[in-house]
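Visitor: Could you walk me through this one while I have it open? I'd like to start with the overall picture and then look at some details.

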Amino acid sequence: MESLTIRDATKEDIQTIADYCIALLEQHYELDTNFKPNDKARESYFSFLIKAIKSDENKVLVADLNNCVIGYALGEIKKQPPVFALEKYGFISDVYVIDKYRKQGISKQLFGELYLWFKKKGLSLVELSVHLKIKVLLKLGKKRDSNNI
């Protein structure tokens with residue numbers, strides 16, 4: 001792959017990332033109608049992303065291929081409930097790569113950069129939630145072709 005860079009998102013990337021956020025939301029909706037986006041979803045994502053790229057508690061990364069954003073990832077620092085000794089943890093809320101570039105290791109690179117950021121922030125726990133239907137699809141895919149996931 002030519003000239004792929006994982007970098008921090010800038011305000012110039014926000015429009016594209018917001019579009020990808022909606023695409024990700026629509027993919028979730030296809031699996032589960034509880035994830036139906038509302039009429040203000042894109043606008044809400046846009047506002048959130050503007051704040052997130054400036055925040056010390058969020059990390060928005062993009063996969064940039066020859067000055068074209070082909071994917072993104074969002075990591076957040078979250079607070080644990082007060083019953084836990086560990087006060088904060090990392091949470092990976094979004095990872096998205098456009099169809100054309102999937103299964104080329106780009107998501108893995110985005111995850112890797114988020115993990116490094118969490119580590120630099122002194123966090124020892126990173127969480128990620130995956131919908132049950134996606135887990136089932138991944139298992140089916142691994143059984144079918146374990147080298148293609």
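Visitor: What share of the residues in the protein chain is buried?

Guide: This is a predicted model, and in it buried residues account for 34% of the 149 residues in the protein chain. The protein chain exposes about 9,900 Å², of which carbon and sulfur atoms supply 51%.

Visitor: And which pattern does the chain follow along the sequence?

Guide: The protein chain has four helices and five strands, and reading along the sequence gives β-α-α-β-β-β-α-β-α. Of the contacts between residues at least 6 apart in sequence, 62% join residues at least 24 apart.

Visitor: Let's go to H3. Which of its residues are buried?

Guide: Those are Ile106, Leu110, Leu114, Trp117 and Phe118. They cover an arc of only 120° around the axis, which puts them on the same side of H3.

Visitor: What do they pack against?

Guide: The buried residues of H3 pack against strands E1 (4-8), E2, E3, E4 (88-97) and E5 (126-128), while Lys108, Lys119 and Lys120 are exposed on the other side of the helix.

Visitor: How many residues does H3 have, and what follows it?

Guide: Helix H3, residues 106-120, has 15 residues, and the distance from its first C-alpha to its last is 21 Å, close to the 21 Å expected at 1.5 Å a residue. After H3 comes Gly122, whose phi is positive, near 80°.

Visitor: Switching to H2, which residues are buried there?

Guide: In H2 the buried residues are Ala41, Leu49 and Ala52. Seen down the axis of H2, these fall within an arc of 65°, so they line one face of the helix. They pack against helix H1 (14-31) and strand E2 (58-65), whereas the face turned away from the buried side carries the exposed residues Glu43 and Lys51.

Visitor: How far apart are the end C-alpha atoms of H2?

Guide: They are 16 Å apart, and this agrees with expectation because the 12 residues of H2 (residues 41-52) should span 16 Å at 1.5 Å a residue.

Visitor: What separates the C-alpha atoms of Asn67 and Leu4?

Guide: Although Asn67 and Leu4 are 63 residues apart along the chain, their C-alpha atoms are separated by 8.8 Å.

Note on methods: Residues are numbered from 1 along each chain as its sequence is written. This is a predicted model: local features need pLDDT of at least 70, side-chain atom pairs count only at pLDDT 80 or more; totals for chains, interfaces and linings use all residues. Side-chain values use heavy atoms; hydrogens and water are left out. Helices (H or I, at least four residues) and strands (E, at least two) are DSSP runs, numbered from the N terminus. The expected span of a helix is 1.5 Å times one less than its number of residues. Buried means under 20% relative accessible area, exposed over 50%, partly exposed in between (1.4 Å probe, protein chains only). The arc is that of the directions from the helix axis to the C-beta atoms. Contact means heavy atoms within 4.5 Å. Accessible areas come from the Shrake-Rupley method with a 1.4 Å probe; for residues, only the protein chains shown count as cover.
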